[in-house]
Amino acid sequence: MPSVRRLSCVLAVATAAALAMAPSAHARRTIKLKVPSFVVQPHTDREVCTFVRVPMRKPLDLGASLIVNVGGQGSFTTHHFLMWVYEGTDISRFPPKGQLVDSTACLDFGPADTNRRTLIGGAQQPRLETRLPDGLAYQIRPTLSGGQSVAGIILNSHWINGEDTPQKAAVKITLMAAPKHSVRQFLLPVFDVVANGFLNVAPMEQKSVSWAWRPGGTDFGGGLGGGAFPTGPACVVALTSHMHKRGTLFTIDFLHGNTVVPCPQKPQPNGTCLTATDYVHPPQISFEPPLLVNVGQGLRYTCTHDNGVTRSLKMGCEEQAGVPPGVDAYTAILSGLGTTGAARPCATDADCAGFGTGKCVPANLVFGFTSDDDMCIMPGGWYPANAQGNCDVSGLPLRN
């Protein structure tokens with residue numbers, strides 16, 4: 001996770017409240033994808049990831065999707081399917097087409113820049129056909145790979161087999177472009193990463209870190225891989241959470257000034273806009289109509305991490321005797337170490353031979369790009385409010 005998991009950022013493709021049948025096929029461009037058939041052994045679950053390079057010369061204005069989870073019967077059922085667009089520059093690090101890799105949430109799948117993934121769809125039921133609200137689309141942009149212009153898409157499928165015999169699963173996906181002359185606004189990613197900079201949990205401790213996404217505020221995260229930042233009122237379509245395996249709690253609070261107030265739409269029982277305790281299967285909250293966040297308001301996200309109290313202890317190669325290795329990203333940046341100060345990973349002293357003191361010791365849990373480090377990111381989708389300061393796009397000019 002910046003994973004993903006999921007993780008962001010037009011989650012509304014899969015979770016938009018305004019579900020409707022997509023326009024007829026002749027009115028749209030379609031892309032068909034699949035997760036190849038794989039076997040799940042009896043009384044186990046299996047989660048796989050695969051990568052597809054879709055030839056694409058110009059952006060696709062994604063307006064709808066159809067996801068079909070194939071194979072369910074009895075107590076053999078899908079846990080989830082998720083789909084991300086890879087927007088980084090290291091596409092060659094992904095496996096070739098059709099290769100399945102067993103992975104948890106695709107956190108260790110492909111290149112290390114897991115913050116360059118935008119969630120564009122998901123389904124837990126056998127068949128889900130959805131579309132974005134009228135006038136909106138998410139623009140999938142191609143990148144170069146081996147001299148070819150392609151869109152890179154990560155597919156993640158997780159199944160649970162409660163049957164007494166092996167079962168086969170697969171997923172079929174259809175992405176459908178918004179009809180011509182229908183798009184009036186493109187969704188942009190909420191992808192706030194600033195909290196990552198201050199994530200630092202000592203061995204055998206629990207600790208929380210937070211930051212606020214504020215329209216009209218200072219964009220500290222743009223240079224760290226964060227998403228586009230609103231300069232004025234923003235219409236938030238969807239939100240989710242992103243942490244790694246030592247993340248125990250993620251919340252999103254609505255701010256009026258610096259005061260926490262109940263979420264104006266879809267408040268959770270505790271008044272938050274979102275509460276998540278499962279880093280592997282984060283909730284995806286969609287807002288219809290969109291959640292208006294004005295200048296002077298904001299969304300504060302908070303992550304709680306556990307380094308060895310109830311979750312596994314982070315281990316790293318010791319650099320200075322008696323000092324737990326690993327420094328927060330903020331310190332790493334100021335020290336010229338790059339965007340992560342994560343400790344060199346290890347399981348035994350043999351992994352640290354020739355490095356530092358040569359010992360594998362309990363380490364500080366800080367931001368890093370591997371699944372053994374951690375993250376605190378708020379993904380979602382938004383678009384700028386109109387000139388009247390509301391979320392009605394019907395009067396905006398066409399974009400396609």
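Let's start at Trp-211, which is partly exposed, with a relative accessible area of 28%. On this scale, buried means under 20% relative accessible area and exposed means over 50%, with partly exposed in between, using a 1.4 Å probe and protein chains only. This is a predicted model, so local features need pLDDT of at least 70 and side-chain atom pairs pLDDT 80 or more, while totals for chains, interfaces and linings use all residues. Residues are numbered from 1 along each chain as its sequence is written, and side-chain values use heavy atoms, leaving out hydrogens and water.

Now for the aromatic rings. Rings of Phe, Tyr and Trp (its six-membered ring) pair if their centres lie within 6.5 Å; planes under 30 degrees apart are stacked, over 60 edge-to-face, and the rest tilted. That rule gives 8 aromatic pairs. One of them joins Phe-198 and Trp-211, a stacked pair at 5.9 Å centre to centre with 20 degrees between the planes. Phe-198 sits in the loop between β13 (188-192) and β14, while Trp-211 belongs to strand β15, 13 residues apart. Strands here are DSSP runs (E, at least two residues), numbered from the N terminus. Phe-198 is partly exposed too, at 36% relative accessible area. Elsewhere, ring pairs tie Phe-51, Tyr-86, Phe-94 and Phe-109 into a cluster.

β15 gives the most to the lining, with 3 residues. By class, the lining has 4 nonpolar, 3 polar and 1 charged residues.

Next, have a look at strand β2 (residues 44-55). Two strands pair if DSSP finds at least two bridges between them. β2 runs antiparallel to β10 (residues 148-161), joined by 12 bridges, and Cys-49 stands opposite Asn-156 in β10. β2 also pairs with β5 (residues 101-102) in the antiparallel sense over 2 bridges, with Val-48 opposite Asp-102 in β5.

The loop between β4 (76-86) and β5 holds Thr-89. Is Thr-89 buried or exposed? Thr-89 is exposed, with a relative accessible area of 74%. Its C-alpha atom is separated by 18 Å from that of Gly-368, 279 residues apart along the chain.

Methods
Helices (H or I, at least four residues) and strands (E, at least two) are DSSP runs, numbered from the N terminus. Ala, Val, Leu, Ile, Met, Phe, Trp, Tyr, Cys and Pro count as nonpolar, Asp, Glu, Lys and Arg as charged, and the others, Gly among them, as polar.
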